[in-house]
Amino acid sequence: MVMAASETKFHVLAVDDTLIDRKLIEKLLKTSSYQVTAVDSGTKALEFLGLNNNDHQDVKVNLIITDYCMPGMTGYDLLRKIKESSSFKDIPVVIMSSDNIPSRINRCLEGGAEEFFLKPVQLSDVNKLRPHLMKRTQTNVNKRKAMDEIVSPDRTRARYNELEVN
Amino acid sequence: MDLVQLQRQFVDYKTSLYHEGFLDEQFTQLQELQDENNPDFVVEVVSLFFEDSERLLNELARALEQQNIDYKRIDAHVHQLKGSSSSIGAQRVQKVCIAFRNYCEEQNVEGCLKCLQQVRHEYSLVKTKLESLFQLEQQILTAGGSFPM
């Protein structure tokens, strides 16, 4: 699916088994101008991506943000499945957890997670997502722009917020 | 009561809730997320918290009545309650949950029962206070006021 230049909010897939937290993360992401799909399990996330479908990407997802503690497939399990998939390994994954356990955090980061957010997730956390998305935009023009802007972190934060990707 | 008096009462009441530790910064975050596209966001999230909590408190009571107490199960419920209370900023409820989890780990039934009682109490307090806060908000809106003030 090719994105027209005029389109495009980044599409974030949010995964959390708790309804309250799903509602929260959805609002945080929408407030930050992302398109959001929220699902309640790792299995549903993989189905949505089309991973069960001969590894063919059904939908374009720019980032996955997932809770760590979920019944069945944990956020870490989901992370590993994404990173081990040839179609999806380049999608940045962020993990959220209500428990501040250093060994857990390290394991996730070493497992390929871009960021680890402690719950409750704040708008300031969601602001940290944009650089991970900008790194991976498809056209060279966008890539160059992103490189130019990774000069001063403070300055770029304000710039990213104004940057209209539509 | 006129609008100005209502607004003053609202601010004083809300301040006291923070001051007494019923609510923390996370509640403020929720309010900041509310906008004209989602004017009932805070009430919706808080309502989910009420539903969730009541279910969990019943589960906890049931689990602690069993002959052979399943502490893992209890811990899982308390973990959920801790999470949801933290997500809305219900600080005192969250704090009791932390103590509760410690008693679960120790498999201390007395401690758990005590915590259940405490968490029920804190939950009921914060529920009453939030409902009063929302009522005041409604009165202000009816009297022609708006938020943020």
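In the predicted model, Asp67(A) touches a set of residues that lie beyond its neighbours within four places in sequence: Val15(A), Asp16(A), Asp17(A), Gly75(A), Met96(A), Ser97(A) and Lys119(A) are in contact with Asp67(A). Asp67(A) belongs to strand β3 of chain A, which covers residues 63-67. The relative accessibility of Asp67(A) is 5%, and the residue therefore counts as buried, since the term applies to values under 20%. In UniProt, an unreviewed entry lists Asp67(A) under "modified residue: 4-aspartylphosphate"; such an annotation may be inferred rather than shown by experiment.

Chain B was examined as a whole. Its secondary structure consists of six helices and zero strands, and the order along the sequence is accordingly written α-α-α-α-α-α. Along the principal axes, the C-alpha atoms of chain B occupy a box of roughly 55 × 30 × 20 Å.

Chain B contains 149 residues, of which 44% are buried. Where contacts link residues of chain B at least 6 apart in sequence, 66% of these contacts join residues at least 24 apart.

Methods
Residues numbered from 1 in each chain as written. Chains lettered and ligands numbered in written order. Predicted model: local features only at pLDDT ≥ 70, side-chain atom pairs only at ≥ 80, totals over all residues. Heavy atoms only, no water. Helix = DSSP H or I, 4+ residues; strand = E, 2+ residues; numbered from the N terminus. Buried < 20%, exposed > 50% of the residue type's maximum accessible area, 1.4 Å probe, protein only. Contact = heavy atoms within 4.5 Å.
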